[in-house]
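User: Hello! I am new to this structure and would like to learn how to read its features one by one. Could you guide me through them?

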Amino acid sequence: MYGYTAAIKDISVKELGYDAAVIGGGAAGMAAALEFEAEGFTCAIIEREDHLGGILMQCIHNGFGLHEFSEELTGPEFAERFIERVIKSKIAVYLNTTVTRFTPLKELYCVSPSGAIKIKCRVAVLAMGCRERNRGNVRIPGSRPAGIFTAGLAQRLVNIEGYIPGKEAVIIGSGDIGLIMARRMSWAGCKVKAVVEIMPYPAGLTRNIVQCLNDFNIPLYLSSQTTGIFGNDRVEGIEVTPMENGVLAQEKSFRIDCDTVLLSVGLIPENELSKTAGIELNNVTNGPVVDSTLMTNMDGVFACGNVLHVHDLVDWVCEESRRTGRHAVQWLRGDRPLLQIRARAGSNVRYVNPTRIAPDRENHIYLRSMIVKNDAVMEIRLDNRVIRSKKERHVQPSEMINFKLSPKDFEGIEANSDSVLEFVIK
Ligand SMILES: Cc1cc2nc3c(=O)[nH]c(=O)nc-3n(C[C@H](O)[C@H](O)[C@H](O)COP(=O)(O)OP(=O)(O)OC[C@H]3O[C@@H](n4cnc5c(N)ncnc54)[C@H](O)[C@@H]3O)c2cc1C
């Protein structure tokens with residue numbers, strides 16, 4: 001026992017220091033890191049994969065970058081534009097390096113090909129992306145045969161490993177990854193028999209419903225629950241039961257034969273490191289709670305991209321992450337907002353991010369609706385008084401709403417640290 005402990009003590013850990021350390025080298029991490037570099041602060045990106053770019057590298061379809069570059073790019077093309085800038089910069093990039101522990105003292109314990117590393121920093125940016133929910137998360141009954149994949153895993157198999165997971169597939173859940181995979185699997189020669197969605201409306205973007213399902217005549221069953229998966233060694237089929245007034249209409253259950261099931265049932269921010277560091281998490285988004293500067297409850301620790309809340313478009317990820325980098329630079333320079341007031345989701349709003357607003361600064365707000373509605377109105381109320389209302393031609397849960405609130409919106413209005421800003425959709 002003594003010898004074993006002594007051996008551990010002998011292992012040397014390389015210690016490094018930077019002004020800023022960014023965990024994750026996807027779009028969010030790279031966009032944030034470039035802001036530190038631009039302002040002359042030293043910065044490191046720590047990425048567990050052998051390349052930068054994150055999830056973008058397996059998204060070979062187009063549709064990326066319409067806002068960021070006014071061009072339609074594939075995921076790898078979009079990533080490449082950031083990767084080139086990072087490579088040309090002085091940013092230190094640690095690839096194949098996983099952060100296994102992050103402490104409130106802003107120390108990152110990492111495992112790298114050259115051994116253990118400890119990185120100390122003055123500010124840290126969490127940019128670890130998100131992970132897919134799986135069968136266990138949604139509790140689908142039935143047997144446990146081979147042939148059940150998450151949609152993102154199937155995407156990696158088809159686009160990167162060159163392997164088609166099956167011949168006849170059903171996709172459970174209508175999130176964007178599932179819709180994109182319906183089209184990708186069809187192109188690869190697989191018959192996609194249906195997409196089954198428990199909610200009365202699709203979970204993915206309208207453009208993906210049109211381009212990935214309608215154009216391929218793939219039926220979408222809304223208000224329908226998957227009530228069974230059959231098969232011994234390999235999937236043989238699933239049972240679908242329509243929901244009527246929120247109740248399963250069991251007499252209307254039907255079976256779809258297939259050898260493959262892809263799950264597209266939501267994404268969850270990758271929050272294990274945040275949890276163990278003691279960072280407060282938002283129980284709706286599952287990402288960290290952040291203030292108007294996108295700083296978590298831990299001083300000098302910021303979050304952006306999918307680890308903060310799941311975004312539909314990488315363009316918004318980059319916008320948010322650049323802003324996070326700029327806020328972190330201001331923090332390094334000792335610049336803090338004068339006052340921050342609490343922001344909360346009111347009726348028909350699922351969540352609002354950030355949950356603190358600084359009336360003396362420009363605030364960029366992201367929120368998601370809980371309802372599907374045409375000609376909706378969003379009201380912003382400060383202590384129950386409407387300070388702004390905004391027309392929305394169409395709202396739906398899958399499409400994030402984003403807008404700015406500036407000091408002008410608060411002109412002539414008394415706000416104090418007990419004030420509450422509420423966002424409501426009517
Ligand atoms: C299938 C799919 C289709 C999409 N289609 C579109 C589209 O058509 N248009 C569009 O605009 N957007 C699309 N998106 C969304 C967009 O690609 C993402 O929102 C965006 O790329 C997320 O960036 P991120 O940096 O937050 O996360 P990620 O890209 O996931 O990056 C996070 C990085 O952190 C690393 N990491 C995590 N934990 C650790 C750790 N402990 N140590 C070290 N590194 C770590 C990961 O390896 C990863 O590289 C799509 C997304 C998916 C999944």
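User: Is Arg322 buried or exposed, or partly exposed?

Analyst: Burial is read from relative accessible area: under 20% is buried, over 50% is exposed and the range in between is partly exposed, using a 1.4 Å probe and protein chains only. Here Arg322 has a value of 23%, so Arg322 is partly exposed. Before we go on, please note that this is a predicted model, where local features need pLDDT of at least 70, side-chain atom pairs count only at pLDDT 80 or more, and totals for chains, interfaces and linings use all residues. Residues are numbered from 1 along each chain as its sequence is written, and side-chain values use heavy atoms, with hydrogens and water left out.

User: Which side chain does Arg322 meet in a salt bridge?

Analyst: A salt bridge is a side-chain nitrogen of Lys or Arg within 4 Å of a carboxyl oxygen of Asp or Glu. Arg322 meets Glu68 in this way, at 2.8 Å from N to O. Arg322 belongs to helix 9 (residues 314-332) and Glu68 to the loop between strand 3 (62-64) and strand 4 (73-74), so the pair ties together parts that are 254 residues apart in sequence. Helices (H or I, at least four residues) and strands (E, at least two) are DSSP runs, numbered from the N terminus. Glu68 is partly exposed too, at 21%.

User: How many salt bridges are there by this rule?

Analyst: The count comes to 22. One of them joins Asp409 and Arg388, at 3.2 Å from N to O. Asp409 sits in the loop between strand 27 (401-405) and strand 28, while Arg388 is in strand 26, 21 residues apart. Asp409 is buried at 16%, whereas Arg388 is partly exposed at 22%. There is also a network of salt bridges linking Glu15, Glu107 and Lys118.

User: What about aromatic pairs: how many does the structure hold?

Analyst: A pair of aromatic rings is described by the distance of the centres and the angle of the planes. Rings of Phe, Tyr and Trp (its six-membered ring) pair if their centres lie within 6.5 Å; planes under 30 degrees apart are stacked, over 60 edge-to-face and the rest tilted. The structure holds 7 such pairs. Among them, Tyr18 and Tyr94 are edge-to-face, 6.3 Å centre to centre with 75° between the planes. Tyr18 lies in strand 1 (residues 14-23) and Tyr94 in strand 5 (residues 92-94), 76 residues apart. Tyr18 is buried at 18%, and Tyr94 is buried at 17%.

User: Which residue lies over the face of Phe69?

Analyst: A charge sits over a ring if NZ of Lys or CZ of Arg is within 6 Å of the ring centre and within 35 degrees of the ring normal. Arg81 does this over Phe69, at 4.8 Å from the ring centre. Phe69 also belongs to one aromatic cluster with Phe78 and Phe82.
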